[in-house]
Amino acid sequence: MLTLGGCNPEPARPAAPPPVVEPVLAEARMHMVRDQIVARGITDPRVLEAMTRVPRHEFVPAAQRGEAYEDWPLPIGYGQTISQPYIVAFMTAALGPGPGDRVLEIGTGSGYQAAVLSCLVAEVYTVEIVDPLARRAEADLKRLGYANVKVRAGDGHHGWPEAAPFDAIIVTCAPEQVPQALVEQLREGGRMIIPVGSQWGAQELYLLRKTPTGMQRQGVLPVRFVPMVKGRS
Ligand code: SAH
């Protein structure tokens, strides 16, 4: 029997035991990792383990649960989507997350990407502009025992200045240009993965590295993300 919960349970594990997942879901998840992720060339064993552990079905609406381990994005309400599992794995692996890292995510959505990261790094800070999505993701992450994730409702263009600098930043919505605040909040040597482009035109996923002489930028994959919208502040 497979039991699941947060991957860094030390600080504030809920008193209730972690949920026990039905074997059929655990098996679907193993197939997802093997057929969609390993088969497309992701080899980082820590990323594969995290994707095998995190109960993706807990982060999708009840009506979509039967599709939680399928090879496509799913609606999560408010016109937003949870990314295709392969994209989550690809972006996570591209960041090269280390156990001591502090990571900023922009675009919490369902909280699933944050949960995967929480298994791999020391601390995750995640910002979501749609308030009810932020609240729901925060509640789900807490319920499932992901105690090293902090959620904030707000405009990710500002990053999370009080918690900066970050070792890595992952952006899961697409701005037309890399927001300057995020560049500033990345430590030197840090990595950022971010889709850049317009809502209707081409978007490219970029891997950026902050060096003493500026940002190195490498296009890694053509993608399609929801736009990174501007808040009112
Ligand atoms: N990482 C998510 C999927 C993200 S979908 C997951 O694992 O489920 C992209 C999310 O970015 C949406 O929820 C959208 O509301 C959010 N978003 C769009 N513009 C934003 C902004 N300026 N700041 C923060 N979040 C934003």
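## Backbone features

Tyr 78 is found in the loop that links strand 1 (74–77) to strand 2. Its phi is positive, at about 60 degrees, although Tyr 78 is not a glycine. The model is a predicted one.

Pro 165 lies in the loop between strand 5 (149–153) and strand 6 (166–171).

## The largest pocket

The largest pocket has a volume of about 550 Å³. Its lining is made up of 34 residues. Closest to the pocket centre are Thr 81, Thr 172, Cys 173, Phe 225 and Val 226.

On the strand side they are strand 2 (80–82), strand 3 (102–106) and strand 4 (123–128). The helices are helix 3 (85–95) and helix 4 (112–118). By class, the lining divides into 17 nonpolar, 13 polar and four charged residues.

## The ligand and its shell

Where does the ligand sit? It sits in the largest pocket. Strand 2, strand 3, helix 4 and strand 4 each give two or more residues to the shell around the ligand. Strand 2 gives the most, with three residues.

The shell holds 26 residues. Those that come nearest to the ligand are Ser 110, Glu 128, Asp 155, Gly 156 and Val 229. By class, the shell has 12 nonpolar, 11 polar and three charged residues.

## Polar contacts and burial

Which side chains place a polar atom by the ligand? Ser 110 is one of them: an N or O atom of its side chain is 2.6 Å from an oxygen atom of the ligand. Asp 155 has a polar side-chain atom 2.9 Å from a ligand nitrogen atom. For Thr 172, an N or O atom in the side chain is 3.1 Å from a nitrogen atom of the ligand.

How much of the ligand does the protein bury? Taken alone, the ligand exposes 580 Å². The protein buries 99% of that area.

Ser 110 and Asp 155 are among the residues nearest the ligand. Thr 172 is among the residues closest to the centre of the largest pocket.

Definitions and conventions: Residues numbered from 1 in each chain as written. Predicted model: local features only at pLDDT ≥ 70, side-chain atom pairs only at ≥ 80, totals over all residues. Heavy atoms only, no water. 1 Å grid on protein atoms, 1.4 Å probe; cavity = no way out; pocket = protein on both sides within 12 Å on 5 of 7 lines; lining within 4 Å. Points joined across faces, edges and corners; volume = space filled by probe spheres on them. Helix = DSSP H or I, 4+ residues; strand = E, 2+ residues; numbered from the N terminus. Nonpolar A, V, L, I, M, F, W, Y, C, P; charged D, E, K, R; others polar. Near = heavy atom within 4 Å. Polar contact = N/O pair within 3.5 Å; in protein donor to acceptor, adjacent residues only side chain to side chain. Areas by Shrake-Rupley, 256 points an atom, 1.4 Å probe, with all protein chains shown as cover. Sits in = over half its atoms within 2 Å of the grid points.
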